[in-house]
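Here are some questions and answers for a first look at a structure. Each answer works toward one name or value.

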Amino acid sequence: MSVNKIFPSIQLTEAEIVELQTHLSAPVVVKYLTALAVEDSKELLTFNALDMPAQDIANRHLLVTGKLEVLTTLLSIKE
């Protein structure tokens, strides 16, 4: 079975794209996404690496960095 059959491509209409941009650029959504990014940034900056194995540090860094990249992408969507 091909990956495309399991996860078919989803196309948004122009109206759906406009609606999505409207919602994601709403001030309350921007504020919420920014608050999430701030908390993730604090986590990345304050976790105690001295008490963790190197692999755990790398995994945690990748997880938080990935979350921040998603939030950055969402915050970059404008009307």
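Q: Is Arg60 buried, partly exposed or exposed?
A: This is a predicted model, where local features need pLDDT of at least 70 and side-chain atom pairs count only at pLDDT 80 or more, while totals for chains, interfaces and linings use all residues. Residues are numbered from 1 along each chain as its sequence is written, and side-chain values use heavy atoms, with hydrogens and water left out. Buried means under 20% relative accessible area, exposed means over 50%, and partly exposed lies in between (1.4 Å probe, protein chains only). Arg60 has 31% relative accessibility, so the residue counts as partly exposed.

Q: Which residue forms a salt bridge with Arg60?
A: A salt bridge needs a side-chain nitrogen of Lys or Arg within 4 Å of a carboxyl oxygen of Asp or Glu. For Arg60 and its partner, the closest N and O atoms are 3.5 Å apart. The partner is Glu43.

Q: How many residues apart in sequence are the parts that Arg60 and Glu43 tie together?
A: Helices are DSSP runs (H or I, at least four residues), and strands are too (E, at least two), numbered from the N terminus. Arg60 lies in helix H4 and Glu43 in helix H3, so the pair ties together parts of the chain that are apart in sequence by 17 residues.
Glu43 itself is partly exposed, and its relative accessible area is 26%.

Q: How many salt bridges does a search of the whole structure find?
A: Arg60 and Glu43 form one of them. Another joins the side chains of Lys67 and Asp40 (3.3 Å, N to O). Glu39 and Lys42 also meet through their side chains (3.5 Å, N to O). The search finds three.

Q: How many residues apart in sequence are the parts tied together by Lys67 and Asp40?
A: Side chains of opposite charge can pair when their charged atoms come close. The side chains of Lys67 and Asp40 meet in a salt bridge. Lys67 lies in helix H4 and Asp40 in helix H3, so the parts tied together are apart in sequence by 27 residues.

Q: Which is buried and which is partly exposed, Lys67 or Asp40?
A: Lys67 has 34% relative accessibility, so Lys67 counts as partly exposed. The relative accessible area of Asp40 is 8%, so the buried one is Asp40.

Q: Which residues is Asp40 in contact with, leaving aside neighbours within four places in sequence?
A: Contact means heavy atoms within 4.5 Å. Asp40 lies in helix H3. Its contacts are Val64, Lys67, Leu68 and Leu71.

Q: Which residues of H4 are buried?
A: What covers them includes H3. In soluble globular proteins, nonpolar side chains tend to be buried together. The buried residues of H4 are Val64, Leu68 and Leu71.

Q: How far does H4 reach from its first C-alpha to its last?
A: The expected span of a helix is 1.5 Å times one less than its number of residues. H4 has 23 residues, and 33 Å is expected. The reach is close to that, at 33 Å.

Q: Which residues does Leu71 touch, not counting those up to four places away in sequence?
A: Leu71 is found in helix H4. At 8% relative accessibility, Leu71 counts as buried. Leu71 touches Leu33, Leu36, Ala37 and Asp40.
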